[in-house]
Amino acid sequence: MNKILFILLFVTQIIWSQSTFEKGNQYYQKENYQAAINSFESILESGKESAEVYFNLGNAYYKLHKVAPAIYNYEKALLLNPNDEEIKTNLDFARKMTIDDIKVIPKVGFQKLISDFTSKYYYDTWAWIAVTFAFLFLAFFAGYYFSEKTILKRIFFFGMFVWLAGIGLSAASGFYEKNRIDNEKPAIIFAESTALKNEPKVNSPDATVLHEGTKVYILESIANWKKVELTDETSGWIEDSAIKEIK
């Protein structure tokens with residue numbers, strides 16, 4: 001009985017989420033962007049998330065010229081769907097609305113090559129790829145076990161090792177990507193303007209002033225302060241309330 005209720009509740013939530021998503025799109029088409037935002041955010045508050053919801057939410061905030069929420073939601077969408085060109089394009093448009101012009105120092109070396117490869121998919125996607133390879137491995141194992149012809153046995157035997165290597169590679173990529181995201185800790189500045197301090201103190205000298213929409217990376221935390229690094233590798237302390245972590 002409890003299982004039936006759980007299934008019914010799950011199906012009801014899916015139907016509600018889809019209905020609310022479509023309603024948000026309708027509001028967006030009618031240029032009622034705040035109502036669209038309310039619809040999309042209610043989906044996220046229910047515990048459901050997807051690249052589509054974050055993308056449409058980012059679009060609605062962009063239309064209202066709310067820089068930080070637009071960039072934040074585009075970043076969330078890109079995290080779930082790293083290869084979507086439309087998300088990347090809209091994120092670039094939103095970034096042009098920011099005040100700060102901070103250079104991006106490109107990373108080089110073997111670690112960058114690995115990151116470029118693993119970041120092609122979200123770590124959940126890598127997990128599903130590993131599961132797919134596992135089913136293919138089982139299928140080839142069954143083919144090898146039941147085949148009577150030598151040539152087929154050789155093909156299935158070789159295929160088993162190919163899919164086994166695929167399982168290992170995709171699983172390792174998923175773990176690496178999860179660890180990379182957890183360690184990078186990117187965040188978006190939501191305060192209209194905030195000082196980057198040399199020390200975690202209110203009276204500490206300002207290293208520079210940052211504005212909403214700028215992306216930073218959290219290095220460590222002390223009380224209500226975060227030590228962050230910019231894309232040009234400048235680092236300093238910022239008040240916790242000024243940023244929102246992408247996670």
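Guide: Here are some questions and answers on this model, which is predicted.

Visitor: Why is Ala60 called buried?
Guide: Buried means under 20% relative accessible area. Ala60 has 0% relative accessibility, so Ala60 counts as buried. Ala60 lies in helix H3.

Visitor: What makes a residue a contact of Ala60, and which residues are in contact with Ala60?
Guide: Contact means heavy atoms within 4.5 Å. Leaving aside neighbours within four places in sequence, Ala60 is in contact with Tyr28, Tyr33, Ala36 and Ile37.

Visitor: How far apart are Ala60 and Ala191?
Guide: In sequence, 131 residues. In space, 19 Å from C-alpha to C-alpha.

Visitor: What makes Asn73 buried or exposed?
Guide: The cut-off for buried is under 20%. Asn73 has a relative accessible area of 5%, so Asn73 is buried. Its place is in helix H4. Not counting residues up to four places away in sequence, Asn73 touches Tyr54, Phe55, Leu57, Gly58 and Tyr61.

Visitor: Which residues of helix H5 are buried?
Guide: Helix H5 covers residues 85-95, and Ile87, Asn90, Leu91 and Ala94 are buried there.

Visitor: How do you know that they are on the same side of H5?
Guide: By the arc around the axis. They cover only 105°, which puts them on the same side of H5. There is a general rule behind this kind of pattern. An α-helix has 3.6 residues a turn, so residues three or four places apart point the same way.

Visitor: What do the buried residues of H5 pack against?
Guide: Two helices: H3 (51-63) and H4 (67-80).

Visitor: Why is Ala223 called exposed?
Guide: Exposed means over 50%. Ala223 has a relative accessible area of 78%, so Ala223 is exposed. Ala223 sits in the loop between E4 and strand E5 (225-229).

Visitor: And why is Glu233 called exposed?
Guide: The cut-off is over 50%. Glu233 has 51% relative accessibility, so Glu233 counts as exposed. The loop between E5 and strand E6 (235-239) holds Glu233.

Visitor: What phi values do Ala223 and Glu233 have?
Guide: Phi of Ala223 is near 50°, a positive value in a residue other than glycine. Glu233 is not a glycine either, and has a positive phi of about 75°. Most residues other than glycine have a negative phi.

Visitor: What lines the largest pocket?
Guide: The lining has 43 residues. Lys107, Arg180, Glu184, Lys215 and Tyr217 lie nearest the centre of this pocket. About 1,700 Å³ of space lies in the largest pocket. Helix H8 gives the most to the lining, with 7 residues.

Visitor: Where does UniProt place the feature "transmembrane region"?
Guide: The unreviewed UniProt entry puts it at residues 126-146 and 155-176. In the model, residues 126-146 are 100% helix, with end C-alpha atoms 30 Å apart. Residues 155-176 are also 100% helix, and their end C-alpha atoms lie 31 Å apart.

Visitor: Where does UniProt place "repeat: TPR"?
Guide: At residues 17-50 and 51-84, again from an unreviewed entry. Over residues 51-84 the chain is 79% helix and 0% strand. The end C-alpha atoms of that span are 9 Å apart.

Terms used:
Residues are numbered from 1 along each chain as its sequence is written. This is a predicted model: local features need pLDDT of at least 70, side-chain atom pairs count only at pLDDT 80 or more; totals for chains, interfaces and linings use all residues. Side-chain values use heavy atoms; hydrogens and water are left out. UniProt positions are given in the numbering used here, feature names are shortened, and annotations may be inferred rather than shown by experiment. Helices (H or I, at least four residues) and strands (E, at least two) are DSSP runs, numbered from the N terminus. Buried means under 20% relative accessible area, exposed over 50%, partly exposed in between (1.4 Å probe, protein chains only). The arc is that of the directions from the helix axis to the C-beta atoms. On a 1 Å grid over the protein atoms alone, a cavity is a set of points where a 1.4 Å probe fits but cannot get out, and a pocket is an open set with protein on both sides within 12 Å along at least five of seven lines; lining residues have an atom within 4 Å of a point. Grid points are joined across faces, edges and corners, and a volume is the space filled by probe spheres set on the points.
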